[in-house]
Amino acid sequence: MATLAQPVGLFALGTLSAPDGKRFPGLVVRDRVLDLSQALAWEPADVRSVLERWEETLPVLHTLAGEAALEWQRLDSLRVHAPVEPRQIFQSGANYRQHVIDLEVAHRSPDDPRTVEEARAEIAAVMDRRAAEDLPYVFIGLPSAITGPYDDVVLPAWAEQPDWELELAAVIARPAHRVSVDDALEYVAGYTIANDLTDRATVFRRDMKAIGTDWLRSKNAPGFTPLGPWIVPAESITDPGDLRVTLKLNGKTMQDESTKDMLFGIARLVSYISQTARLLPGDLVLTGSPAGNGIHWGRLLRDGDVMEGSITGLGVQRTRCVAEEADA
């Protein structure tokens with residue numbers, strides 16, 4: 001059943017189903033849902049289909065949201081799934097200033113002669129130069145890692161240090177290739193919540209350190225990217241660069257930071273990615289995670305943990321961790 005976490009604005013988009021029923025693209029207006037596969041003349045099969053015709057469909061959605069006589073369903077009678085199935089996921093790493101500083105200090109060499117304060121000051125200066133002069137750091141994620149916003153998250157038996165990383169995700173509206181920073185936000189349909197789980201123990205290859213990071217192993221297990229609950233249209237978000245990102249673990253706040261702390265904002269990320277890749281409708285651009293991850297607190301995820309993630313205006317996702325049993 002759906003959790004009634006209200007998004008900002010007149011409406012949001014989601015993927016829902018009745019118990020044991022077929023999934024459908026839904027127009028979510030407060031506590032009710034309209035099946036867009038029936039309400040729209042061209043009968044979209046899913047939310048990605050809606051996004052592929054976003055420019056022409058958005059005005060229609062505004063009209064439908066105000067029509068009381070349509071066949072609305074109660075939100076609390078439906079199951080909520082990940083709001084979209086993207087073809088591509090682009091993930092930004094090391095994109096929150098305070099987060100990077102914390103990680104660098106935590107992982108500095110035991111024989112580092114600097115005090116913690118000196119190290120923080122030097123790393124902060126590097127981050128400021130990077131934001132002004134350098135390029136974002138972006139890698140690729142797998143759509144198969146996505147799960148719903150209220151589904152259990154299975155922690156693989158091999159994952160020694162599973163960690164949370166709550167992030168703002170931009171959802172692409174139309175094909176974008178080599179777009180400018182000034183134009184980049186015109187290609188964003190809306191925003192949603194992603195929790196980009198990471199096994200810290202497998203981020204770096206132990207067998208060949210020169211290879212560097214292993215994002216396949218550390219981030220792409222099935223269910224390692226809880227997504228949603230909703231896609232909130234970009235027009236409803238006044239400033240995506242000033243939203244609060246909050247994650248609670250078993251009721252205790254672990255992450256609580258503004259997207260103001262991002263080194264590279266959404267427009268710079270979308271533009272940068274588009275210089276190489278061709279973004280497609282429904283694709284996700286994850287914008288990085290703020291300070292307060294488990295590795296910082298010395299407390300990683302374990303069986304039975306409950307994560308509650310929220311971002312201003314986008315609703316709340318709630319997932320429970322379930323440990324996979326090791327092979328005998």
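**View 1. Strands β12 and β15 run antiparallel, paired over 2 bridges.** Strand β12 covers residues 188-195, and its Y191 stands opposite V232 in β15. Zoom out and you get an open sheet of 6 strands with mixed pairing, in the order β7-β6-β18-β11-β12-β15. At the edges sit β7 (137-141) and β15 (232-233), each pairing on one side only. Here, strands are DSSP runs of E with at least two residues, helices are runs of H or I with at least four, and both are numbered from the N terminus. Two strands pair if DSSP finds at least two bridges between them.

This is a predicted model, where local features need pLDDT of at least 70 and side-chain atom pairs count only at pLDDT 80 or more, while totals for chains, interfaces and linings use all residues. Residues are numbered from 1 along each chain as its sequence is written, and side-chain values use heavy atoms, leaving out hydrogens and water.

**View 2. Y137, F139 and W215 make one aromatic cluster.** Rings of Phe, Tyr and Trp (its six-membered ring) pair if their centres lie within 6.5 Å; planes under 30 degrees apart count as stacked, over 60 as edge-to-face and the rest as tilted. Y137 and F139 are tilted, at 5.8 Å centre to centre and 55° between the planes. F139 and W215 are stacked, because their centres are 4.3 Å apart and their planes at 15°.

**View 3. R32 lies over the face of W72.** The distance from the ring centre is 4.1 Å. To count, CZ of Arg or NZ of Lys must be within 6 Å of the ring centre and within 35 degrees of the ring normal.
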